[in-house]
Amino acid sequence: MILDIARDKGNLLYVLNRGYWYRNNNFVTILTMDEEFIREFGTRGEGDGEFVWPTSIATDNEGNVYVADEWLQRISIFDKDGNFLDKWGTPGAGKGELNGPAGLAFDGEDNLYISENLNHRVQKFTKEGRFLMTWGREGEGKGEFNRPWGITVDREGDVFVADWHNHRVQKFSPDGQYLANFSPPGTSSGNPHLPSDVAVDKEGDVYVVDWWNNTVEVYDPEGGHLTTFIGDAEKLSTWALAMLQANSDHVKARLRVKSLEPQWRFFRPIAITVDPDGKILVTDSQRCRIQIYQKEENWVDPDYNL
């Protein structure tokens, strides 16, 4: 299962994979935007460079790769080629301690924000692991969290947190002051909005992954809802096509299906990132793929009420 994705300042993607506990397949895949496979690194275990229950991945300004592990309560650091460099993290609920690190995001100064799923808060560290500050507690009010997950930092340094069980994304200043929240209307009842990740593009538009409803919701900077992505993977990737062509039974099975449209759609999307060129990368966890969209300049949804 694909858990998260990070892109460096060049053409490299780092894809975090996590298998079931009894399988030895926790690793990071390095590839290019053109689907060129580079290498993999990491394995299941508790030693240096190993993972037990990895949750998220991010890259710093030097291209080093950081992976959070909510079982080991630590952050592991690798160079751009996947060579282990260092690790840090202490289990607990005190300041600077970790319990369920779920999301990672760097600001422009290479400080690392971590959302903690089990401590219901956000902490800020230097990339070497020195504690800087924390905010949040369990609850439903402004600035409170209920199992927060994905996190991102926009160009202004503001912090956005996917507040999973509170059915919303909250926005904060760099020092943790509450600013706003993003949530579709009516999501606290029958069909809840369960946001697993959030990203912000250079224009300030906000992209929220709704894991439960298999969508990506898009908002303008003021919180107005712009549009919804449901998944549009009509064309198979190069890797998927090669796997399909290698198995004639799979080809025949697809020919018997009246419509392949359900396969195009998201199934438990879990993570998202937006690069400076306006490419929107959505991690479609249960379909083991990444869907990529391109934002058009000055694009407006025709159904959006101006």
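Predicted model: local features only at pLDDT ≥ 70, side-chain atom pairs only at ≥ 80, totals over all residues.
Visitor: How many aromatic pairs are in the whole structure?

Guide: A search finds 16 aromatic pairs. One of them is tyrosine 113 with tryptophan 135. The centres are 6.2 Å apart, with 65 degrees between the planes. That pair is edge-to-face, because planes over 60 degrees apart count that way.

Visitor: Where do tyrosine 113 and tryptophan 135 sit in the chain?

Guide: Tyrosine 113 is in strand β10, residues 111-116. Tryptophan 135 is in strand β12, residues 131-135.

Visitor: Is tyrosine 113 buried or exposed?

Guide: Tyrosine 113 is buried, at 0% relative accessibility. Tryptophan 135 is buried too, at 9%.

Visitor: Which aromatic cluster includes them?

Guide: One formed by Tyr113, Trp135, Phe145, Phe172 and Tyr178.

Visitor: What about tryptophan 164 and tryptophan 211?

Guide: They form a tilted pair, 5.4 Å centre to centre, with 50 degrees between the planes. Tryptophan 164 lies in the loop between β14 and β15. Tryptophan 211 lies in the loop between β18 and β19, so the pair ties together parts 47 residues apart in sequence.

Visitor: Why does tryptophan 164 count as buried?

Guide: Its relative accessibility is 17%, and buried means under 20%. Tryptophan 211 has 22%, so it is partly exposed.

Visitor: New topic. Which ring does the charged end of arginine 18 sit over?

Guide: The ring of tryptophan 53, 3.8 Å from its centre. Arginine 268 lies over the face of tryptophan 212, at 4.9 Å from the ring centre.

Terms used:
Residues numbered from 1 in each chain as written. Heavy atoms only, no water. Phe/Tyr/Trp six-rings, centres within 6.5 Å; stacked < 30°, edge-to-face > 60°. Helix = DSSP H or I, 4+ residues; strand = E, 2+ residues; numbered from the N terminus. Buried < 20%, exposed > 50% of the residue type's maximum accessible area, 1.4 Å probe, protein only. Lys NZ or Arg CZ within 6 Å of the ring centre and 35° of its normal.
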